[in-house]
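Dear colleague,

I am handing over the structure below for your records. Please look through it before reading the notes that accompany it.

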Amino acid sequence: MNVTVKNKKLDSWIKEAAAMCQPDAIYVCDGTREEYDRMMSKLLASGSAISLTKRSNSYLFRSDPSDVARVEDRTFISTSSKEEAGPTNNWIAPAELKATMRGLYKGCMKGRTMYVIPFSMGPIGSPISKIGVEISDSPYVVVNMHIMTRVSSKVLALLDAGEDFIPCLHSIGAPLPPGQKDVPWPCAPMESKYISHFPEENLIWSYGSGYGGNALLGKKCLALRIASAMARREGWLAEHMLILRLTSPEGKQYHIAAAFPSACGKTNLAMMQPSVKGWKCECIGDDIAWMKVGGDGRLHAINPESGFFGVAPGTSYSTNPMAMDTIGKNVIFTNCALTDDGDAWWEGMTDDVPAHLIDWKGRDWTPESKADAAHPNARFTAHASQCPVICKDWEKPEGVPIDIFIFGGRRGSVVPLVYEAYSWEHGVFLGATAASETTSANIGAVGNLRRDPFAMKPFCGYHMGDYLHHWLAMGERLGSRAPRIFYVNWFRKNGDGKFLWPGFSDNSRVLKWMCERVDGKAGARETPIGLMPREEDLDLAGLSLTPPDMQELMSVNIAEWKAEIPDIEAHFATFGERLPERLKHQLQDLVKRLG
Ligand code: SAT
Ligand code: MN
C-alpha cells in the first residue's frame, strides 16, 4: 500500500476487502492530475482507452456489449425485512446476499490492483457533504470518479480528524489469471452482477459491472439510494433532480429543481439557453440534488456531484450548445463512435453523418449500416467547471434556495405541456403518479410506460410509501415557504408521431410562466388536472407553432385521463398500508374533477 491509513475503520475495511478479494496490489488514490494521467496512460497501454486526437486530453472507451447501462433487475435494497425495501425495490435478506456476494468477491481481484478512492459528495468540508470511500479494481472507475466526485487526500485527512464515511465496495468481477491477456472491458455475466445496498448500515457492495451508476458508486448508489434513506432519518431530501438558476430581465433570481427519469433531458434543461428575451439560465447540477431546510425556513439545494455523466446521443450545437462546449476537452467518452480523424461521434451530433466510422462495438460503420454507430446510452464524463454556464454559486456550501419543483417524464400522448399543482399535497400526488416511457439508461425494453414516482423508482433506498409520507411531512415543515410544484411534458406528439413542442431553449417559455406564477404575476385556468396557462399567459413570441398544434399540446382529454385512473389505482395499491391517506384523497378529488 502506498500510504499509511490512520483511520481505524478505513484501515480494517481495506484489510478485510483485500483478504477477501486478493488483489495483487493496493493503491490509495490522491485525486491529483498526475494520478489521472498515470491511470489514463495505463488504460491506453492496455488497450482499454483510445486517445482522441481531435479533442485535447480526451479518451474513448468501449464497454462490453453486455455492460451498457444500469441493471435495475440486479439492483438490491437489502433491509432486514422485505417490507422495509417496499414494492419498488428488489430485496434479498442481508445475510443471504452477503454470503452470496462474499462467494463472488473471493479472489475476484487476483491479477489486478485494488484502488482505494476517498471522495466527497458535495464540497469538501461542507456541512451538507458526505464522505465515501470506494474500493474498486477498475482504473476506468478511478478516472471517472476523479471527474464526477471530489477525490482527494484531503478527504483522508477529514477521516483522520474523526469524520465517518460510507464504504462502497466495487469489483468488475473478472480476476486475471497469470499470463493471460486482459480484455478491453472486463466484467462478469449478467446473472452474477449485483448492485447491493444496505441502507441500515450505510454500506454499498457492487459486483460484476463496470458501467455508469453500477460502478461509479458515489452517484446513484450513495447520493440517491443510501442518501435518500439517510435523508428520511435525518429530515432532508436526496432527489434525482437537476438544479438551475433563472434570472429575469429585472435581475431577480429563481432556483428550480426538476425530476425527470434518466435520459429524459435533465442535462439539456439544466444547461438550457433561454429563447425568451432577457432571461438567463445557469446550471448548478444535472442529476442529483441534496436539499435541507435552512435558517430562513426555505429549502436549500446543493449538487453533490462535480461532473456530468451525460447521454451523448442527441446532444448537438442545436439541442445543447452548452454541453457541447463543456465537452471540448478533458472528456471521457464511453460507447460513442470513433471518426476517422480521431474524434467521438454519435447519432444527432452533426447534421452531416460521417461517411465512415468505427462503431461502439469496434466495427466499421457507414451510413448504410443498420445498427447505431453510438450506443443509445453512450455517455460523456466532463467536469462541471468546464460548463460555460456553470453558476458561480454551484459549490456554495449552503446551497441555493429552491422556488420551484418540476416533475415530468416522456409521454407521447395524454399529458399536456405544463400544469401547476393546486397545493403541496396535490404536487406530491403529481410526483407520486409521474409516468414515463422507459429509455435505454436501464437494460430492458425501451418505450414502455411505467409509473416512476419522483423519477426515483430505481433510486429510492427504502419503502416508496414512506418516501411519499416524507414528502408530505417536508411540506408541512416548509409551510408557506415551500416551493411551488409543476408538472411538464416536453414530449407530446401529434397524430403523425411528430413532437408538438420544440423543447430545448423554448422550454424557457414554460419556466418563465412558472416564475411569474411564483410572483403572482401570471394567470392560469383551473382544469381537472391542475392549473394551466391560458394562451395569453405563455410568452410565445417568435415561436412558429400553429394554433391547432398549440391546442393539441395543451389539451386535456377527459376520456384519456379517465383511462389513466385504473393504472394509478393499481400503482397506488402496490404501496398497501403505507400509501398516505392524503394521496388517496387526492386521487378521489381528481376523479371528481374529471366528472
Ligand atoms: O448510469 S447512470 O445511473 O449513472 C445514469 C442514469 O441512469 O441516470
Ligand atoms: Mn440520473
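This is a predicted model: local features need pLDDT of at least 70, side-chain atom pairs count only at pLDDT 80 or more; totals for chains, interfaces and linings use all residues.

His240 lies in the loop between β11 (237-239) and β12 (242-247), while Asp287 lies in the loop between β14 (280-285) and β15 (289-293), 47 residues apart. Both His240 and Asp287 are buried.

Sheet. Five strands form an open sheet in the order β2-β3-β18-β23-β17, with mixed pairing. Because β2 (49-51) and β17 (307-311) each have a single partner strand, they stand at the edges, and one side of each is left without a neighbour in the sheet. β2 pairs with β3 (residues 59-61) in the antiparallel sense over three bridges, and Ser51 stands opposite Tyr59 in β3.

Aromatic contacts. The ring centres of Phe333 and Trp346 are 5.8 Å apart and their planes meet at 35 degrees, so this pair is tilted. Phe333 belongs to strand β18 (residues 332-334), and Trp346 to the loop between β20 (344-345) and β21 (357-358). Phe333 is buried, with a relative accessible area of 0%, and Trp346 is likewise buried at 0%. Tyr419 and Trp561 have ring centres 6.3 Å apart and planes at 90 degrees, so this pair is edge-to-face. Finally, the charged end of Arg74 sits over the ring of Tyr194, 4.7 Å from its centre.

With kind regards

Key:
Residues are numbered from 1 along each chain as its sequence is written. Chains are lettered from A and ligands numbered from 1 in the order in which they are written. Side-chain values use heavy atoms; hydrogens and water are left out. Helices (H or I, at least four residues) and strands (E, at least two) are DSSP runs, numbered from the N terminus. Buried means under 20% relative accessible area, exposed over 50%, partly exposed in between (1.4 Å probe, protein chains only). Two strands pair if DSSP finds at least two bridges between them. Rings of Phe, Tyr and Trp (its six-membered ring) pair if their centres lie within 6.5 Å; planes under 30 degrees apart count as stacked, over 60 as edge-to-face and the rest as tilted. A charge sits over a ring if NZ of Lys or CZ of Arg is within 6 Å of the ring centre and within 35 degrees of the ring normal.
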